[in-house]
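Got the viewer open and a cartoon on screen? Let's take a short walk through this one, selecting as we go.

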Amino acid sequence: GMTALVLRDLPEVEAIQAVAAPTLRYWAEVRMLLDRGWTARGRRRALLRATIGHAIAFQTWRSLARHEGLDDHQVADLMVRLARAV
């Protein structure tokens with residue numbers, strides 16, 4: 001719950017931006033590292049990058065885990081399947 005509220009307020013509250021900066025850099029690095037493992041080019045690459053961003057977004061996990069009832073392994077498997085389908 002708290003993460004959802006922090007993410008909601010992040011664009012508007014400078015104090016939260018300062019505290020969250022290391023975490024945001026971490027997730028940017030995770031995204032970059034996950035992107036390295038794929039060989040797609042051109043438009044497929046752009047779609048793949050968007051899929052990776054979506055897959056690691058807190059809101060995606062929250063929706064699939066909390067609202068749809070998937071466990072973490074199922075969420076991860078689903079996101080890998082989505083990426084492979086691009």
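## First stop: around Arg 45

Select Arg 45 and show what it touches: leaving aside residues up to four places away in sequence, the neighbours are Asp 35, Trp 38, Thr 39 and Ala 40. Keep in mind while you look around that this is a predicted model.

Colour helix H3, residues 42–56, and you'll see that Arg 45 belongs to it. Is Arg 45 buried or exposed? Its relative accessibility is 12%, and buried means under 20%, so Arg 45 counts as buried.

The Asp 35 backbone oxygen sits 3.3 Å from a polar atom in the side chain of Arg 45.

## Second stop: H3 against H5

Next, show side chains where the two helices meet. On the H3 side, pick Leu 48, Thr 51, His 54 and Ala 55; on the H5 side, pick Met 79, Leu 82 and Ala 83. Colour that set by class and you get five nonpolar residues, two polar ones and no charged ones.

Go to Gly 69, in the loop between helix H4 (58–67) and H5. Is this glycine buried or exposed? With a relative accessibility of 56%, Gly 69 counts as exposed. Show its contacts, again skipping residues up to four places away in sequence, and Leu 64 and Gln 74 come up.

## Last stop: zoom out

The chain has five helices and zero strands, and reading along the sequence gives α-α-α-α-α.

Switch to a C-alpha trace, which spans about 40 × 30 × 15 Å along its principal axes. Then put a surface on: the chain exposes about 6,500 Å², with 59% of that supplied by carbon and sulfur atoms. Of the 86 residues, 19% count as buried.

Note on methods:
Residues are numbered from 1 along each chain as its sequence is written. This is a predicted model: local features need pLDDT of at least 70, side-chain atom pairs count only at pLDDT 80 or more; totals for chains, interfaces and linings use all residues. Side-chain values use heavy atoms; hydrogens and water are left out. Helices (H or I, at least four residues) and strands (E, at least two) are DSSP runs, numbered from the N terminus. Buried means under 20% relative accessible area, exposed over 50%, partly exposed in between (1.4 Å probe, protein chains only). A polar contact is a pair of N or O atoms within 3.5 Å; within protein, one must be able to donate a hydrogen and the other to accept it, and residues adjacent in sequence count only if both atoms are side-chain atoms. Contact means heavy atoms within 4.5 Å. Ala, Val, Leu, Ile, Met, Phe, Trp, Tyr, Cys and Pro count as nonpolar, Asp, Glu, Lys and Arg as charged, and the others, Gly among them, as polar. Accessible areas come from the Shrake-Rupley method with a 1.4 Å probe; for residues, only the protein chains shown count as cover.
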